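Please look at the sequence and the structure before reading on.

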Amino acid sequence: MRTAPDTADAKSIAAAIRRSQTRERLRSFGLATPLLVLLLLSFGIPIAILLSRAIYDPTIANALPRTSVAMQSWSGNGIPDDETFNALAADLKANQQQGNISEFAKSLNARLPGARSQILKTARALDKEGVSDPASVVKSVPFWTSPATWSTIENGRHALTSFYLLSAVDLRWTADGSLERVPPEQAIFLRVFARTFLVAATVTLATLILGFPLAYLISSVPKTVGAILIIAVLLPFWTSILVRTAAWTVLLQKFGLVNDVLLWLGVTGTRLDLMYSRVGLIIAMTHIQLPFTLLPIYSVMRTIQPSQMRAAYSLGGRPLTSFLRVYLPQVVPGIMAGCLLTFILCLGYYITPALIGGAGDQLISNFIANYVNVELNWEMAAALSFILLVFTMALYAVFARVLGLDRLKPV
Amino acid sequence: MLLSPYPTIGERIRVTLLWLWGALVIAFLMVPILIPVPLSFNSGAFFVFPLEGFSTRWYEVVLGTDRWQTAIGNSLIIAFGTTALATALGTLTAIALSSEKFPARRIVMPLVISPLIVPVVITAVGSYLFYARVGLASTYVGIILAHTALASPFVVVTVGASLTGFDRNLMRAASISGAKPVVAFYRIMLPLILPGVLSGAAFAFVTSFDEVVVAQFLASANQRTMPLEMFIGLRERLSPAITAAATLMMLLSIILLVVANILTRRSVRKSKPTE
């Protein structure tokens, strides 16, 4: 027969349970660790390194060590003293001899267009035999006696820089330390961001207009018919973006099927240039994104009982009123999930604009790729990535918080 | 239930319009993925209708020339590597996440899914920068690692779905009967969630086999994958061989994903607790 519970035993049992739960927690975390480590190595760290390039650029500081020291006493107005010019001459000569001059010239040129040729010219002049007064050689090039040159160097000699991020939104520092818009001929990025958002919004709207009635149709027909119709949505969904883009490049050709049909219907009198156009891009992107918008809507619609609408009718609701007040409010989460997902994915489009869009239809991802592949300007690519990522992640956070990640199932 | 038992004329018109709209949208969805098929069997060198005659010459180009054969080989190496890695790691993570004891589930899940959301150009450029520093640039390992990040979310989600109906008591029963956790996993859990695992593997394979942006930044000239050859071909010289390659890729993805879908449905149905 048991007497009063032994408190010491109860305590040790509680401790044992806690220990075992901690062990279980650790074990379950241990199971997830390999994937988390892999994601860190092949996703987290690469992106962090890329983004760091947007704010950390030591090229100018490394190229001009002596000048950097000499400039510490500079007031920031006009041009610095002769000592700084001597230091600059020594730095330029050292760079020329070590073969680093073109890297420095490229970096300064990114901040001050036209600087490259001036730097290379000066460095060559300094490297000649028998230069007695290097400072005057530098000063004889008008580029070095311009205050704009020196305020650019002053900004650039700090390895941590806001220059590229500001450039990515068409802003820059003035000599007196305030922000201003860059001149219109250099202001390209806000336009590209605006274009990306406009294309994403247009495609989202188009997929909703096309997809909503079809989702409604599929969810209200008998199951077997619905299964056939949903396959028509899933087959393109399962085909890769590249293959679908390839199909559209074939269809949108001047002598392609779309033009054939438009001509046959008498919509147009002549063949249209749909390839390399905004219209062509939006048609192809709408085709690719349509299932992404439709499927979350459909998965909500099929949970709604048809008896609800019948009840609404029998209570005297007219079709439109019943639809708006009974049906639609229940579908709103699905509409939001589908549209938000399509909008987020559209912001990152790269393949389709590259193949179907014209020069004026390239989206922000295409500019990022171009800065990496063609211009070799990693800092600018990083800054544009930074801003694109901020928008994408903010919308993703909204999606996860408001709608829940369960709506992202790949059907 | 589209029509009520005694439909009015207005209702009939609305339903007819709905069907008409639905048919148009389905045509819009299906025609573009069907159009490369007849063109790939066309004997002519142009993408225009009417077709000139039946020929398999473009398939001979894709399956018979060195350039495409290398590309198909590369794609298979990378896709199989990615599938193995993503399926193993993704399954373990899904099991971990399905446990109520898992700490910080609300943080880990969005992180695991984020490679699907981050614009792939950013992932590709970042990997290019990082891999160049650690000596993984232009290696199969580098591309496989990057593809695994993109493919594993699918495995985590599909395996997770088949685990929702898995009865954890089975694992406790195995443990009480003396089975070590690894044995219990292989003998009890894995057979029950296998359809979900295979379906996740199919998604991983297709993700890697179709991927072109990461491959574009990470692959050297002799590591070009099939989609990368297609992308380059589309940019440079539009040849009907591309429609043959597109048809082959489309067939592969559709077959794999149809199988995956059937498996998922079966596993979710099977694992639902019986009343």
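This is a predicted model: local features need pLDDT of at least 70, side-chain atom pairs count only at pLDDT 80 or more; totals for chains, interfaces and linings use all residues.

Residues are numbered from 1 along each chain as its sequence is written, and chains are lettered from A and ligands numbered from 1 in the order in which they are written.

**The helix pair H18(A) and H19(A)**

Helices are DSSP runs (H or I, at least four residues), numbered from the N terminus. In chain A, helix H18 (residues 364-373) packs on helix H19 (residues 378-403) with axes 8 Å apart and an angle of about 160°. The axes are lines fitted to C-alpha atoms over the stretch in contact, and angles run from 0 to 180 degrees between N-to-C directions. H18(A) is therefore roughly antiparallel to H19(A), a term for angles over 145 degrees. The crossing of H18(A) and H19(A) is left-handed (the near helix is turned anticlockwise from the far one by less than a right angle).

Residues are in contact if their C-beta atoms, placed from the backbone, lie within 7 Å. From H18(A), Ile364(A), Phe367(A), Ile368(A), Tyr371(A) and Val372(A) meet Trp378(A), Met380(A), Ala381(A), Leu384(A), Ser385(A) and Leu388(A) of H19(A). The contact of H18(A) with H19(A) has 10 nonpolar residues, one polar residue and no charged ones. Here Ala, Val, Leu, Ile, Met, Phe, Trp, Tyr, Cys and Pro count as nonpolar, Asp, Glu, Lys and Arg as charged, and the others, Gly among them, as polar.

**The chain contact and the cores**

Chain B gives 74 residues and chain A 72 residues to the contact. On the side of chain B that touches chain A, helix H1 (residues 9-34) of chain B supplies the largest share, 11 residues. That side of chain B has 59 nonpolar, 12 polar and three charged residues.

A nonpolar core is a set of buried Ala, Val, Leu, Ile, Met, Phe, Trp, Tyr and Cys residues joined through C-beta atoms within 7 Å. Which residues touch the most other members of the largest nonpolar core? They are Ile368(A), Leu384(A) and Val125(B), in a core of 166 residues. A second, separate core has 22 residues, including Ala70(A) and Phe104(A). Apart from neighbours within four places in sequence, Ile368(A) is in contact with Ala381(A), Leu384(A), Ser385(A), Val121(B) and Val125(B).

Ala369(A), also placed in helix H18 of chain A, is in contact with Tyr350(A) and Val121(B), again leaving aside neighbours within four places in sequence.

**Exposure of single residues**

A residue is buried if 20 or more other C-beta atoms lie within 10 Å of its own, exposed if 12 or fewer, and partly exposed in between; C-beta atoms are placed from the backbone.

| Residue | C-beta atoms within 10 Å | Class |
|---|---|---|
| Ala369(A) | 20 | buried |
| Tyr313(A) | 16 | partly exposed |
| Ser138(B) | 16 | partly exposed |
| Leu376(A) | 10 | exposed |

Tyr313(A) sits in helix H15 (residues 306-314) of chain A. Leu376(A) lies in the loop between H18 and H19 of chain A, and its phi is near 50°, a positive value in a residue other than glycine. Ser138(B) belongs to the loop between helix H6 (120-134) and helix H7 (140-163) of chain B; phi of Ser138(B) is near 55°, a positive value in a residue other than glycine.

How values were computed: Helices (H or I, at least four residues) and strands (E, at least two) are DSSP runs, numbered from the N terminus. Angles under 35 degrees count as roughly parallel, over 145 as roughly antiparallel, 65 to 115 as roughly perpendicular and the rest as oblique. Two residues are in contact if their C-beta atoms, placed from the backbone, lie within 7 Å.
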